[in-house]
Amino acid sequence: MTALLYILDLSGVAVFAITGALAVRHKKLDLFGVVVVAMVTAIGGGTLRDVLLGRTPVFWVKDAAYLLVAGSAAVVTVVFVRFISFPRRALLIADALGLGLFTVLGTDIALSANVHPAIAAAMGVMSGTAGGVIRDLLANEIPLILRKEIYAIASLCGAVAYIILLQANAGAQLAALAGAAITFVLRVAAIRWRWSFPVF
Amino acid sequence: MTALLYILDLSGVAVFAITGALAVRHKKLDLFGVVVVAMVTAIGGGTLRDVLLGRTPVFWVKDAAYLLVAGSAAVVTVVFVRFISFPRRALLIADALGLGLFTVLGTDIALSANVHPAIAAAMGVMSGTAGGVIRDLLANEIPLILRKEIYAIASLCGAVAYIILLQANAGAQLAALAGAAITFVLRVAAIRWRWSFPVF
Amino acid sequence: MTALLYILDLSGVAVFAITGALAVRHKKLDLFGVVVVAMVTAIGGGTLRDVLLGRTPVFWVKDAAYLLVAGSAAVVTVVFVRFISFPRRALLIADALGLGLFTVLGTDIALSANVHPAIAAAMGVMSGTAGGVIRDLLANEIPLILRKEIYAIASLCGAVAYIILLQANAGAQLAALAGAAITFVLRVAAIRWRWSFPVF
């Protein structure tokens with residue numbers, strides 16, 4: 001992985017840890033619990049992907065930087081949330097960027113393992129969203145993305161676009177940028193105009 | 001695996017996806033959430049079995065047909081549930097058949113991995129039941145099979161019968177048929193006469 | 001593993017199964033559900049550790065004694081809880097001993113897999129605590145250790161002490177004893193003086 005991609009990846013982990021900590025701050029968790037839930041939010045999706053693909057030890061066991069970044073971001077959030085107000089809008093945008101990044105990275109890792117394109121897309125979505133699902137389970141709630149948010153669908157569209165562009169020989173960089181951008185734009189648009197799926 | 005067994009396996013996945021979708025239809029999930037939960041119900045048990053045995057990538061990553069069948073069955077269920085009423089009794093019987101099938105298949109896969117017979121039985125039960133457990137966790141409920149249903153016990157009896165018959169040299173086909181039949185009959189009888197375990 | 005360590009390990013599994021069964025006895029589970037939840041409590045932490053490290057098949061699949069001991073302890077608890085009262089204090093102390101043991105064992109297994117010390121500490125904590133987290137999820141509650149108990153922190157301190165002593169060449173036996181003792185003492189002190197973390 002290039003240095004830029006590695007830094008982006010760690011930044012995504014930090015953003016997901018921050019949003020994870022903020023998402024559960026009104027639950028009845030103690031400080032330790034919030035930090036654990038934030039870390040699980042940040043690394044849970046990639047962990048599930050690695051376990052299902054058989055890429056073990058999972059990514060954060062191989063490279064301790066992920067766990068340390070997630071833990072540090074969570075602790076900093078917990079400490080400073082009393083003193084400063086986190087800019088909600090900026091966080092939502094950073095979270096959407098993280099979703100786009102993790103989707104493309106996860107899809108790419110699955111494709112490298114020579115799985116069927118449909119499975120690779122599922123793995124991309126899982127990489128971006130499963131952390132939030134586990135977070136909600138730990139907080140004893142029905143996962144948000146299964147209830148009302150356009151989140152996983154934005155990720156799915158980006159993953160599919162990435163795969164189609166790769167197969168159309170659009171070049172790895174263009175495909176990755178387009179996939180991440182599509183996920184990002186759909187997610188931000190869904191927040192902006194409150195898109196949601198009908199309830200079953 | 002023979003062609004017949006493969007078709008049976010995919011049919012079991014479809015049935016579990018349909019019953020999974022119907023089981024959560026009154027929860028506050030959106031359409032996307034119902035489809036995801038239905039897919040998890042269908043493939044969750046075999047996934048857990050494969051992960052614990054170290055058979056990775058897990059079965060549906062190796063063969064995309066499982067995910068596509070589960071997804072299609074879930075989408076069709078979600079689309080048509082408004083227009084047609086699913087025959088409840090037929091679904092319960094199909095579900096019991098699926099339980100018998102997954103139990104024997106799961107036990108057989110574990111035995112092929114040379115584990116202790118007690119572990120193989122546990123793996124068979126897990127293959128048949130863990131998907132429903134994850135479904136209930138996602139819907140924020142105490143899993144049904146831990147509360148009141150004779151479901152896992154029917155699976156356990158079938159798995160044990162299968163192993164005993166195999167060890168008594170009854171022949172693989174007879175053992176498999178008997179194991180699946182025992183699970184099926186116990187499950188249907190439990191529904192018919194409302195058998196349940198005492199609450200602790 | 002020496003014979004003594006093996007017996008200690010199985011004893012820890014039995015203790016966790018007993019406390020697991022007692023922890024969910026007022027939930028609406030049937031007898032089967034209580035036994036399953038108790039077994040998951042006993043072997044869940046080590047299972048997660050093994051899966052994340054890629055040590056598959058997981059420990060209890062390789063050696064059926066773990067599952068049989070956990071199941072037997074759970075069944076005995078369920079049967080006898082009506083007739084005898086379990087000594088609450090003795091159980092809390094046995095549970096704290098189990099936590100110390102599983103912490104050091106889990107950390108040691110991770111170190112043997114050549115992971116970063118910070119990851120090894122996380123694996124030690126997970127070995128000791130993840131079973132209880134899954135137990136609470138199955139009982140549809142926010143995990144106790146994320147809400148108010150000094151439990152995982154006691155485990156973390158023991159794991160860190162064990163690693164530091166090993167790196168300071170204190171000898172494997174002394175390091176293990178000290179790590180387990182620190183976890184045990186912190187946990188018992190937390191119960192005795194009702195230490196808890198501030199809620200976020």
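pLDDT is the predictor's confidence in each residue, on a scale from 0 to 100. Keep that in mind here, as this is a predicted model, in which local features need pLDDT of at least 70, side-chain atom pairs count only at pLDDT 80 or more, and totals for chains, interfaces and linings use all residues. Residues are numbered from 1 along each chain as its sequence is written, and chains are lettered from A and ligands numbered from 1 in the order in which they are written.

**Stop 1: colour chain A by confidence**

Chain A has an average pLDDT of 92, and 99% of the residues score at least 70. Now select its elements; helices (H or I, at least four residues) and strands (E, at least two) are DSSP runs numbered from the N terminus. H7(A) has the lowest mean pLDDT among the elements of chain A, 84, while helix H3 of chain A (residues 59-62) has the highest, 97. For the model, ipTM is 0.92 and pTM is 0.94.

**Stop 2: show chains A and B**

Here 25 residues of chain A are in contact with 25 residues of chain B; contact is counted when C-beta atoms, placed from the backbone, lie within 7 Å. On chain A, select helices H2 (31-53), H6 (117-138), H7 (144-147) and H8 (152-167), each of which supplies at least two residues of the side that touches chain B. H6(A) gives the largest share, four residues. By class, this side of chain A has 18 nonpolar, four polar and three charged residues. In this scheme Ala, Val, Leu, Ile, Met, Phe, Trp, Tyr, Cys and Pro are nonpolar, Asp, Glu, Lys and Arg are charged, and the others, Gly among them, are polar.

**Stop 3**

**Stop 3: return to chain A for a helix pair**

Select H8(A) and helix H9 of chain A (residues 172-192): their axes come within 8 Å and cross at roughly 160°. Axes are lines fitted to C-alpha atoms, for helices over the stretch in contact, with angles from 0 to 180 degrees between N-to-C directions. H8(A) and H9(A) are therefore roughly antiparallel, a term for angles over 145 degrees. To see the contact, show side chains including A:Tyr162 and A:Leu165 of H8(A) and A:Ile182 and A:Arg187 of H9(A). By class, the contact of H8(A) with H9(A) has 16 nonpolar, four polar and one charged residues.

Terms used: Two residues are in contact if their C-beta atoms, placed from the backbone, lie within 7 Å. Angles under 35 degrees count as roughly parallel, over 145 as roughly antiparallel, 65 to 115 as roughly perpendicular and the rest as oblique.
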